Amino acid sequence: MKSLLIISALSLVGSCTATRYSTKINNLKDSIVIKDSATISKYAKTITVEELKSQIYDIATDSFNGREVGSKGQKLAANYIKDFYVKEKILPGNDSTYFQYIPKSFLPKKYNASENVVAFIKGKEKPEEVLVISGHYDHLGVTDGQINNGADDNGSGTVAMLQIAQAFKEAERNGILPRRSILFLHLTAEEIGLQGSLYYTQYPLFPLENTIADLNIDMIGRVDDKHKDNPDYIYLIGSDRISKELHFISEKVNSTSTNIELDYTFNQKDDANRYYYRSDHYNFAKENIPVIFYFNGTHEDYHKPSDTADKINFNLLAKRTKLIFSTAWYLAHKENSLLHNSDI
């Protein structure tokens with residue numbers, strides 16, 4: 001009889017613990033309120049199909065010869081990105097330079113030295129806290145005499161970042177500065193093993209302990225087979241793994257802005273594709289930094305020379321970019337840092 005009483009008591013304790021946790025989660029959800037949706041919408045509208053289209057044809061040009069790590073084409077692409085930030089008067093992210101140089105010795109033997117491209121908008125109230133928006137700009141170079149222009153992979157993420165940065169800068173010009181800082185981190189060497197993001201997390205320009213989250217954009221300009229009949233979607237990966245608050249913020253922002261389908265198929269821990277481990281956000285996640293990986297899934301032109309700019313769905317690219325901008329706006333302006341799952 002005594003053992004039955006003990007078991008019953010333990011069951012009651014477990015039930016109460018589960019109830020308290022459930023209450024905390026519900027309270028966390030309820031605490032997320034979008035107070036400045038009109039302002040967010042105003043600056044999201046500065047992200048246009050026309051500019052995205054112009055920039056993606058620039059970044060996926062034959063002149064960049066597939067943007068292979070350490071090649072002339074990759075460096076031309078790096079300078080294209082840098083020149084955009086100079087023109088927009090957005091600050092360099094590495095003291096006085098827009099480049100974070102990665103020595104040849106850090107990369108696999110066949111590749112020459114390369115560089116991440118970094119730009120920075122300084123926060124007004126908490127400048128030491130940093131939101132990272134990342135995406136790789138390198139691609140596969142030339143295979144069998146054919147240029148891999150990588151329009152979707154990852155020209156789409158690259159130009160989305162440029163448009164997001166431009167929107168934040170426009171707000172800054174109008175006197176609206178983010179509460180915390182934003183680092184626009186264009187990564188090299190993703191295609192050869194996430195080396196650009198690995199280098200950044202080993203030699204960070206801003207302390208990782210002050211990095212509140214990484215929003216990583218890698219392929220958001222196309223539609224996969226699963227969604228051909230309903231293309232109004234984006235895959236989100238990793239959003240709840242370190243911070244459920246980030247996940248709930250993402251959903252609340254989406255429901256009050258773009259209202260796109262958020263597909264979590266590839267976020268399942270038993271996902272055979274293991275996409276959570278296959279793009280640059282993962283190196284931040286390894287450092288216990290909350291992440292979201294935005295992804296459209298693969299398609300018939302994935303990692304082929306046929307991944308060209310004419311196949312991009314620019315209206316969808318614009319909508320997805322606006323979602324990421326709106327999420328970044330909330331994170332950059334929110335009062336408190338993100339709550340990690342370990343703190344709930």
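**Questions on a predicted model**

Colleague: The place of Arg274 is in the loop between β10 and α8. What is the phi of Arg274?

Modeller: This is a predicted model, in which local features need pLDDT of at least 70, side-chain atom pairs count only at pLDDT 80 or more, and totals for chains, interfaces and linings use all residues. Residues are numbered from 1 along each chain as its sequence is written, and side-chain values use heavy atoms, with hydrogens and water left out. Most residues other than glycine have a negative phi. Arg274 is a residue other than glycine with a positive phi, near 55°.

Colleague: Is Arg274 buried, partly exposed or exposed?

Modeller: A residue is buried at under 20% relative accessible area, exposed at over 50%, and partly exposed in between (1.4 Å probe, protein chains only). The relative accessibility of Arg274 is 47%, so Arg274 counts as partly exposed.

Colleague: Where is His303 found, and what is its phi?

Modeller: With 30% relative accessibility, His303 counts as partly exposed. His303 is found in the loop between β11 (291–295) and α9 (314–333). It is a residue other than glycine, and its phi is positive, near 60°.

Colleague: How many helices and strands does the chain have?

Modeller: The elements are DSSP runs numbered from the N terminus: helices are H or I runs of at least four residues, and strands are E runs of at least two. By this assignment the chain has nine helices and eleven strands.

Colleague: What radius of gyration does the chain have?

Modeller: The radius is taken over C-alpha atoms, and the globule rule is 2.2 Å times the number of residues to the power 0.38. Along its principal axes, the C-alpha trace spans about 80 × 45 × 45 Å. For 344 residues a compact globule would have a radius near 20 Å, and the chain agrees with this at 21 Å.

Colleague: What share of the contacts with a separation of 6 or more comes from residues 24 or more positions apart?

Modeller: A contact means heavy atoms within 4.5 Å. Buried residues make up 55% of the 344 residues in the chain. Among contacts with a separation of 6 or more, the share from residues 24 or more positions apart is 83%.

Colleague: How are the rings of Phe64 and Tyr80 arranged?

Modeller: Rings of Phe, Tyr and Trp (its six-membered ring) pair if their centres lie within 6.5 Å; planes under 30 degrees apart count as stacked, over 60 as edge-to-face and the rest as tilted. The count by this rule is 23 aromatic pairs. In the pair of Phe64 and Tyr80 the centres are 6.3 Å apart and the planes stand at 65°, so the arrangement is edge-to-face.

Colleague: How many residues apart are Phe64 and Tyr80, and which parts of the chain do they link?

Modeller: Phe64 counts as buried, at 9% relative accessibility. This residue sits in the loop between α3 (49–59) and α4 (72–88), while Tyr80 is in helix α4. The pair links distant parts of the chain, with a separation of 16 residues.

Colleague: How many residues apart in sequence are the parts tied together by Tyr235 and Phe266?

Modeller: Tyr235 and Phe266 form a tilted aromatic pair, 4.4 Å centre to centre with 45° between the planes. Both Tyr235 and Phe266 are buried. Tyr235 lies in strand β9 (residues 233–237) and Phe266 in the loop between β10 (261–263) and α8 (281–285), so the parts tied together are separated in sequence by 31 residues.

Colleague: Which residues do ring pairs link into a cluster?

Modeller: Tyr235 and Phe266, both buried, belong to this cluster. Its members are Tyr233, Tyr235, Phe266, Tyr275, Phe293 and Phe295.

Colleague: Which residues does Phe184 touch, beyond those up to four places away in sequence?

Modeller: Phe184 is found in strand β7 (residues 180–187). It is buried, with a relative accessible area of 0%. Not counting residues up to four places away, Phe184 touches Tyr85, Val117, Val118, Ala119, Ile121, Ile133, Met161, Ile164, Ala165 and Phe168.

Colleague: What separates the C-alpha atoms of Val253 and Ile32 in space?

Modeller: Val253 belongs to helix α7 (residues 244–255) and counts as buried at 2% relative accessibility. Beyond residues up to four places away, it touches Ile34, Leu323, Ser326, Thr327 and Tyr330. Val253 and Ile32 are 221 residues apart in sequence, and their C-alpha distance is 9.2 Å.

Colleague: Which two residues are joined by a cis peptide bond?

Modeller: Most peptide bonds are trans. Asn154 is found in helix α5 (residues 151–173). The cis bond, with omega about -5°, joins Asp153 and Asn154.
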